[in-house]
2 protein chains.
Amino acid sequence: MKSTACIRVFADTNHIRQCQTRLAHVEPALQSLASVLALAGNEVRLKILFLLADEQQLCVCDIADVLQMTVSAVSQHLRKLKDGGVLHAHKVGQTVFYALSQPHLPVLQPLLAGLSAAPSPQPAQ
Amino acid sequence: MKSTACIRVFADTNHIRQCQTRLAHVEPALQSLASVLALAGNEVRLKILFLLADEQQLCVCDIADVLQMTVSAVSQHLRKLKDGGVLHAHKVGQTVFYALSQPHLPVLQPLLAGLSAAPSPQPAQ
DNA sequence: CGCTTAATTAAGCAAAAGCTAAAATAAAAA
DNA sequence: TTTTTATTTTAGCTTTTGCTTAATTAAGCG
C-alpha cells in the first residue's frame, strides 16, 4: 500500500520489523478489542450499556422510552451489541429482555464504572 | 423522536424517569468516554495506540512503515487522535513525534495493557 | 380466529469515515 | 536560493453508519 519509504536518519529497519512482529502477536486480541470499542464508542450504545449495567436487564421498549428514540432505532443498536457478543437477549412472552453478556464484561465494566465515579474527563489527579 | 409509547404491563413511568435522570447525570462524562472509545475502536488507530504505549514516541514515517500504510492515511489518523486529546505531537527538526497524552490515559492504559496479557477474547476464566 | 402489542427486519437516504492521489507547508541540506 | 525530505492538507470517491418509514414476524387476548 506504500510507495515511497521514508529515508530519514533514524530509519531503523530492525526496529520497524520488531514493532511489526509485536503487533502481529496481539493482532487477534487487538481486532476483538477494536470491535468492542467501536460498539461502545457510540453515544447511544454506550448509554444502553450504562443503563444495563445499572438495571441488570431492560426490554427494547424501556430503552426506547428512556432514550426518547424509536423502538426500531434502538432495536438495531441492540442487534449490533448482541452480534458483537456484548449483550444477550431472552424472551419472556412477547417482550425481549437484554442484559450485559459475559465475554467482554472485563473490558466494559471498568469503563462503565468510571462513569458513575468521575463526572469530569480527567479521572483523579 | 418517538411517536407511540409502549403500553406494556410494566411501563413504570417513574422508573423510566429515574433512568433518564441518572443518564443525564453522567452525560458529559459519557460523551467524552464515547468519543475516546470511538477513536480507539478503529483497528488502525488502536494499533497506533498500542505501538505508542510500547515505544513512548514514534514519527509519522515510522508508524507508516510498521503498518504498511500511506503516510497520508496515517497522518489523518494521528490528527484525529491528537484532536481527541489522546496524543500530542512535538516537532524535532522536520520530523514530528507523536506520543500518548495524559488526559485519557487512565482509560486507555488498561485496555492496551490487556492486549499484551491475554491473546484470546476471554481474559481469564 | 382476528386484533393488538412487542420486536425485528427491510428499504432508502443523508451524513460520516477512511482511503488515494495530488497539492501545499515547512524545515534541512546542497 | 534551489532542492530534498517530512508532514499536512485538500479534493474526490467508496463504504459504512445510523436514522426513518413501512412491512413482517410472534406472542398474547377478546
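Two strands are taken to pair if DSSP finds at least two bridges between them, and in strand S3 of chain A the bridge partner of Ala89(A) is Tyr98(A). Helices (H or I, at least four residues) and strands (E, at least two) are DSSP runs, numbered from the N terminus. The model is a predicted one, in which local features need pLDDT of at least 70 and side-chain atom pairs count only at pLDDT 80 or more, while totals for chains, interfaces and linings use all residues. Residues are numbered from 1 along each chain as its sequence is written, and chains are lettered from A and ligands numbered from 1 in the order in which they are written.

**The sheet of chain A**

- Chain A holds an open sheet of three strands in the order S1-S3-S2, with antiparallel pairing; its edge strands are S1 (57-59) and S2 (87-92), each of which pairs on one side only.
- From one strand to the next, the twist averages 30°, where axes are lines fitted to C-alpha atoms, for helices over the stretch in contact, and angles run from 0 to 180 degrees between N-to-C directions.
- Six bridges join S2(A) to strand S3 (residues 95-100) of chain A, the two running antiparallel, and His90(A) has Phe97(A) as its bridge partner in S3(A).
- Helix H2 (residues 43-55) of chain A packs on this sheet, touching S1 and S3 of chain A, and its direction makes about 125° with that of S1(A).
- S2(A) and S3(A) form a hairpin with two residues between them, and Gly93(A) in the turn has a positive phi of about 65°.
- On the other pairing, three bridges join S1(A) to S3(A), which run antiparallel, and Gln57(A) stands opposite Ala99(A) in S3(A).

**Helices and a loop in chain A**

- The axes of H2(A) and helix H3 (residues 60-67) of chain A come within 11 Å and cross at roughly 120°.
- H2(A) and H3(A) are therefore oblique to each other, given that angles under 35 degrees count as roughly parallel, over 145 as roughly antiparallel, 65 to 115 as roughly perpendicular and the rest as oblique.
- Val44(A), Lys47(A), Ile48(A) and Leu51(A) in H2(A) meet Ile63(A), Val66(A) and Leu67(A) in H3(A), contact being counted if the C-beta atoms of two residues, placed from the backbone, lie within 7 Å.
- Gln56(A) has its place in the loop between H2 and S1 of chain A, and the C-alpha atoms of Gln56(A) and Leu100(A), 44 residues apart along the chain, are separated by 7.4 Å.
- Gln56(A) is exposed, with 9 other C-beta atoms within 10 Å; a residue is buried if 20 or more other C-beta atoms lie within 10 Å of its own, exposed if 12 or fewer, and partly exposed in between, with C-beta atoms placed from the backbone.

**The sheet of chain B**

- Chain B has an open sheet of three strands in the order S1-S3-S2, with antiparallel pairing.
- Strands S1 (58-59) and S2 (87-92) of chain B stand at the edges, each with a single partner strand, so one side of each is left without a neighbour in the sheet.
- Two bridges join S1(B) to strand S3 (residues 95-100) of chain B, which run antiparallel, and Cys59(B) stands opposite Phe97(B) in S3(B).
- Helix H2 (residues 43-55) of chain B packs on the sheet, touching S1 and S3 of chain B, and its direction makes about 90° with that of S3(B).

- Leaving aside its neighbours within four places in sequence, Ala40(B) is in contact with residues including Leu37(A), Leu46(B) and Leu108(B).
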